[in-house]
Amino acid sequence: MKNTLVFIAASALWASASAGNVQIQVLDRDGKPVPEAVVVLYPSGTGGTPPGLLQPNPTIEQEKMRFLPAVTVVEPGATVRFTNQDRWDHHVRGAAAGLSATASNANAGFELRLAGKADGKPANSAEVKLDAPGVMLLSCHLHGSMRGHVFVTDSRWTLKTDADGIARFPGVPDGAAQVRVWHAEQLIDLPRKALNVVPGPVLDTVQLSVVPRVRRAPPAGPAPSTTPGGPTGGYSQGPAGSTEQVAHRH
């Protein structure tokens with residue numbers, strides 16, 4: 001029994017000594033922290049437990065003329081649900097962004113229509129499956145200011161930075177690793193950065209070449225219309241009394 005306890009303690013000590021706690025801080029061109037940046041680790045070692053934050057079936061809300069969250073991170077094969085919480089109609093257009101636009105394995109673009117939410121009724125929603133790694137730009141044909149992104153990652157070691165611009169990865173296998181940082185406003189992808197993971201804390205920074213704009217606050221005050229398809233934008237309606245929706249031409 002004593003030998004067993006010694007073995008368990010030694011195994012736990014070895015496991016803790018063979019993994020590092022990696023913290024990557026993303027800074028903008030002026031040296032200020034950048035939240036909502038995507039940080040991807042590619043460890044060469046095996047083992048460790050990747051952060052379990054990737055949802056197989058996340059939901060992106062269209063609410064107050066915004067995509068929420070603005071950046072969603074998923075694995076290939078995930079099904080993403082879009083839900084319209086506004087009272088007016090929305091459109092969802094997904095197109096490959098950046099290098100993904102020319103990659104042979106890029107996800108196919110998609111277009112959806114979501115009618116506005118009526119009082120006392122469930123919000124309208126639709127789903128899209130994304131099979132390949134890459135970045136999808138989200139927009140609304142009816143409201144040009146709406147922008148969002150879905151980052152389909154090729155590594156389970158993927159996080160978004162917090163308000164301090166930091167992504168924290170505990171228990172990363174020791175040895176050589178690479179770091180990739182992506183941000184929606186960094187139009188030219190940054191090169192991957194080499195990292196050596198050792199037992200204990202590993203701290204590093206990656207600096208963007210841009211200063212991201214501050215995301216606008218949602219509109220204040222009452223909704224522009226209480227009727228789906230109101231004056232803030234909607235699909236063309238049929239004859240009076242008809243509820244059939246006709247899509248705009250693209």
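**Close-up 1. Surroundings of Ser155 in the predicted model.** Leaving out residues up to four places away in sequence, Ser155 touches Val40, Leu41, Tyr42 and Leu54, a contact being heavy atoms within 4.5 Å. Ser155 belongs to the loop between strand S11 (147-152) and strand S12 (158-160), strands being DSSP runs (E, at least two residues) numbered from the N terminus. A polar atom of the Ser155 side chain lies 2.7 Å from the backbone oxygen of Leu41, and Ser155 is buried, with a relative accessible area of 9%, where buried means under 20% relative accessible area (1.4 Å probe, protein chains only). This is a predicted model, in which local features need pLDDT of at least 70 and side-chain atom pairs count only at pLDDT 80 or more, whereas totals for chains, interfaces and linings use all residues. Residues are numbered from 1 along each chain as its sequence is written, and side-chain values use heavy atoms, with hydrogens and water left out.

**Close-up 2. Thr72 in strand S5 (residues 71-74).** Thr72 is buried, its relative accessible area being 7%. Although Thr72 and Val150 are 78 residues apart along the chain, their C-alpha atoms are separated by 4.8 Å. Not counting residues up to four places away in sequence, Thr72 touches Pro58, Ile60, His149, Val150 and Phe151.

**Close-up 3. The largest nonpolar core.** This core, a set of buried Ala, Val, Leu, Ile, Met, Phe, Trp, Tyr and Cys residues joined through side-chain atoms within 4.5 Å, has 20 residues, and those with the most contacts inside it are Val22, Val39, Leu41, Phe169 and Leu195. Among the elements that give two or more residues to this core are strand S1 (19-27) and strand S2 (38-43).

Terms used
Buried < 20%, exposed > 50% of the residue type's maximum accessible area, 1.4 Å probe, protein only. Helix = DSSP H or I, 4+ residues; strand = E, 2+ residues; numbered from the N terminus. Polar contact = N/O pair within 3.5 Å; in protein donor to acceptor, adjacent residues only side chain to side chain.
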